[in-house]
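Colleague: Could you take one part of this model and go through it closely? Start with a strand and its partners, then move on to the aromatic rings.

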Amino acid sequence: MDLAVPLGSAADAAPAVSLPPYDRAGVRVGIVHLGVGGFHRAHQALAVDELLRRGEARDWGICGVGLLPGDAAMRDALRAQDGLYTLVTKHPDGRLDARVVGSIVEYLFAPDDPEAVLERMAHPDTRIVSLTITEGGYGFDQVTGEFDATAPAVVADARPGAVPATVFGYVVEALARRRARGLPPFTVMSCDNVQGNGEKARTVFAAFAALRDADLGRWVHDEVAFPSSMVDRITPVTTDEDRALVAERLGVADRWPVVAEPFFQWVLEDRFPLGRPPLEHAGVQLVADVEPYELMKLRLLNASHQAIAYFGWLSGYRYAHEAMADPVVARFVRDFMDREATPTLRPVPGVDLDEYKATLVERFGNPEVRDTLARLCAETSDRIPKWLVPIVREQLLAGGEIVRSAAIVASWARYAEGTDEQGEPIDVVDRLADRLVPLARAQRGDAAAFLRSPDLFGSLVTEPRFVAAYLDALGSLHQAGARATLEALVAGAAGAAGTDHP
């Protein structure tokens, strides 16, 4: 690793950095992780590093894999540093904790050598293949939940003898090789913010396998374990400012450090036929049913991020902590949690929901993390349909409140117009931006235009109560602006932002 001082003397020169105390040369790969980004390195890789520091899990080192051309930058950074990187935990009071994480003992860039990736996954030592491929990486229809077998990359990967390019192609080909060699299948462990991520992964990977061979599809569905998980840690995108902080305050010249909040949670279904690391020794909750924890996190944390993002940006804020310092934004977020999200949740064993929500408000307001609203606003078409729309549907069925949820959708629609309240351009980062931006701009003349996207909203455009609340909020955003709309919502006014009528 490239340090401001030689690695061997770094502990003396940079005492604030906790270096790996274990011999990395003797750590064998047991986990292949697809999609190495900041979150994985602040979460799953940290948990394995903690076990290695305890003298455990030496057969569970991580081989990171980059599948996309854009992963070349991570390849270059990790290879230059022998897989090492600095993880900096930022506390609200400005205190920093730092450690050099050593659990990623190998990194493969799939476009460089697809065969090396396939053989690493097919190797008998590999017992878990884990995923952080983003919510949009699973290739299923937002409304029906069915796998999209018509995507060009999927069609290409399903052809006989194809060199894989997608996550589906790599995972299924590696499983097929193990099956042909008489090896048991590895466990596929999704760590993405997708409800029922284990079962969703089973659905899409089995569906892709069936495109190649019906019997292979059945085998993947029936024989491969897909445990569900809930993962939680706010991990902003690494900036040059973070690199400078690590160099100046910690004495570490790191090409790609990771910064994160202090909070860490990982709830994991304990279903690993080929074994697993003793993750419970690293603070992981191993449970029989992840769903209550998963819904709690998706609908309180992730959906609340959407409540902050667009209203915050349109109100002139650029960081989550800035927006949450505004009492009107904070009140709106907490009201959304209490009155719309919480009624859709099941009891969560061992969790006080009021305490959890109070902790979320504190986490969102951590000024040291500097989580950007741009990050929270990105790729919304993969987020709101999964995190917010299910709340709306359940509340409509129960006769519950939906006015704040409708306003959040309206704030996205206003943001997607691509121009803020001062006439400045907004960079709408979304895989569907080419379609969504024209729809959003059309709503100045056709107010419900944005809602007519069944792949995102299903039949919500036919729900009078939701549409009325949405149109009230959108009209207020256009006429009065984001801050005034929030004030009306928080006050429960029937004017600009509308009132919910069950």
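Modeller: Strand E2 (residues 29–34) runs parallel to strand E3 (residues 61–66) and is joined to E3 by five bridges. Strands here are DSSP runs of E with at least two residues, helices are runs of H or I with at least four residues, and both are numbered from the N terminus. Two strands count as paired if DSSP finds at least two bridges between them. The model is predicted: local features need pLDDT of at least 70 and side-chain atom pairs pLDDT 80 or more, while totals for chains, interfaces and linings use all residues. Residues are numbered from 1 along each chain as its sequence is written, and side-chain values use heavy atoms, without hydrogens or water.

E2 also pairs with strand E7 (residues 128–131), again in the parallel sense, over four bridges. Leu 34 has a bridge partner in each neighbour: Val 65 in E3 and Leu 131 in E7. Six of the six residues of E2 are buried, where buried means under 20% relative accessible area, exposed means over 50%, and partly exposed lies in between (1.4 Å probe, protein chains only). In a regular strand, side chains alternate between the two faces of the sheet.

Now the rings. The structure holds 11 aromatic pairs. One of them is Tyr 310 with Tyr 415, edge-to-face at 5.5 Å centre to centre and 65° between the planes. This pair links distant parts of the chain, with Tyr 310 in helix H11 (residues 291–314) and Tyr 415 in helix H18 (residues 403–415), 105 residues apart. A pair requires ring centres within 6.5 Å for Phe, Tyr and Trp (its six-membered ring); planes under 30 degrees apart are stacked, over 60 edge-to-face, and the rest tilted. Tyr 310 counts as buried because its relative accessibility is 0%, and Tyr 415 is buried because its relative accessible area is 4%.

Tyr 415 also pairs with Trp 313: the centres are 6.2 Å apart and the planes at 90°, so this pair is edge-to-face. The link again spans distant parts of the chain, from Trp 313 in H11 to Tyr 415 in H18, 102 residues apart. Trp 313 has 15% relative accessibility and therefore counts as buried. The charged end of Arg 318 sits over the ring of Trp 313, 3.6 Å from its centre; for this, NZ of Lys or CZ of Arg must be within 6 Å of the ring centre and within 35 degrees of the ring normal. Arg 41 lies over the face of Tyr 85, 4.7 Å from the ring centre.

Elsewhere, ring pairs link Phe 147, Phe 168, Phe 205, Phe 208 and Phe 226 into a cluster.
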